[in-house]
Amino acid sequence: IKEEGGGGTGVPRQDSLRSSPLLCDDGCYGISAAGDLDGGLKRYTSTWWKVDQAYRRCIFHLRSYNQATVMKPLDDWIGGAYVNQFLLPLADHWSDTVAKLDTWSSGDLPPQRDFYHSQVKPYLDKNQKIFVVISDALRYEAAQGFAEKLNEENRFTTNTSAQLASLPSYTQLGMASLLPGTKLRIDAEKGTVSLDGQEGSGLAN
């Protein structure tokens, strides 16, 4: 949503709302046409993430306006469009697709366990420095937005890519999946994860 006026207190412009990915007739996202797992992954990483980003930005500006009563009809309408036309249909089709799988793997996205070897080790092999910053639960669309801001600085060149998360997708396993090692073990009772016999859940702050 763009705003009339500065300082984050303007009224959302209708022309911006009309062009939002949230304004879409039921089914126009092509969710049912995604097909298999890789089809869904391709669609999300190429276009569907823009719907999540548009919704987040809409809600941010609606709340920044600080007129909850005035904006409630618009807030309800945007939320309804997002949930009923995008989230629920996507969740239904995605659940059906995943339920048919025999193995959790993708022909297009590398597994999360490959992160170190594909993204870190090539730099280390060349004796180059690399910094890895990990943010827990950072949404794909937020990462895309961050990359866009960095590119706008004209000082950096950024790109984004995705990897298939390890299952079950919870923090301790996700953290351990980014590390080098071969034997990953989950303690079903504690939920902790070890890698080659060493604790992989991080250090106490």
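Predicted model: local features only at pLDDT ≥ 70, side-chain atom pairs only at ≥ 80, totals over all residues.
A salt bridge is a side-chain nitrogen of Lys or Arg within 4 Å of a carboxyl oxygen of Asp or Glu.

**The whole chain**

Six helices and three strands are present, and from the N terminus on they follow the order α-α-α-α-α-α-β-β-β. Of the 205 residues in the protein, 31% are buried. Among contacts between residues at least 6 apart in sequence, 55% join residues at least 24 apart.

**First stop: Asp108 and Lys42**

Select Asp108 and Lys42 and show their side chains. The two form one of the five salt bridges in the structure, and their closest N and O atoms are 3.8 Å apart. Asp108 belongs to the loop between α3 and α4 (115–125), while Lys42 belongs to helix α2, so that a separation of 66 residues is bridged. Both partners are partly exposed: the relative accessible area is 41% for Asp108 and 48% for Lys42.

**Second stop: a network around Glu141**

Next select Glu141, Arg56 and Arg139, which are linked in a network of salt bridges. The side chains of Glu141 and Arg56 meet at 2.7 Å, N to O. Because Glu141 lies in helix α5 (residues 140–152) and Arg56 in helix α2, this pair ties together parts that are 85 residues apart in sequence. Arg139 also meets Glu141, here at 2.9 Å, N to O. Is Glu141 buried or exposed? At 0% relative accessibility, Glu141 counts as buried. Arg56, by contrast, is partly exposed at 35%, and Arg139 is partly exposed at 37%.

Select Tyr55, Tyr82 and Phe86, which ring pairs link into a cluster. The structure holds three aromatic pairs. In the pair of Tyr55 and Tyr82, the rings are stacked, at 3.9 Å centre to centre and with 5° between the planes. Tyr55 is in helix α2 and Tyr82 in helix α3 (residues 68–99), 27 residues apart, and the pair links distant parts of the chain. Tyr82 counts as buried because its relative accessibility is 6%, below the 20% limit for that class. Tyr55 has a relative accessible area of 22% and is partly exposed.

In soluble globular proteins, nonpolar side chains tend to be buried together. Which residues make up the largest nonpolar core? Select Leu37, Leu41, Trp49, Leu109, Tyr140, Ala162 and Leu164, seven residues in all. Helix α2 (residues 37–64) gives the most to this core, contributing three residues. A second, separate core has six residues, including Cys58, Ile59, Met71 and Ile78.

Then centre the view on Leu164. Leaving aside residues up to four places away in sequence, Leu164 touches Leu41, Trp104, Ser105, Ser106, Leu109, Pro110, Pro111 and Gln112.

**Last stop: a nonpolar surface patch**

Finally, switch to a surface display and select Val83, Leu87 and Leu88. These residues make a nonpolar surface patch of about 210 Å². Val83 lies in helix α3 and is partly exposed, with a relative accessible area of 33%.

Notes
Residues numbered from 1 in each chain as written. Heavy atoms only, no water. Core = buried A, V, L, I, M, F, W, Y, C linked by side-chain atoms within 4.5 Å. Buried < 20%, exposed > 50% of the residue type's maximum accessible area, 1.4 Å probe, protein only. Helix = DSSP H or I, 4+ residues; strand = E, 2+ residues; numbered from the N terminus. Contact = heavy atoms within 4.5 Å. Phe/Tyr/Trp six-rings, centres within 6.5 Å; stacked < 30°, edge-to-face > 60°. Patch = residues over 30% accessible without salt bridge, like charges linked within 9 Å, V, L, I, M, F, W, Y side chains within 5 Å. Areas by Shrake-Rupley, 256 points an atom, 1.4 Å probe, with all protein chains shown as cover.
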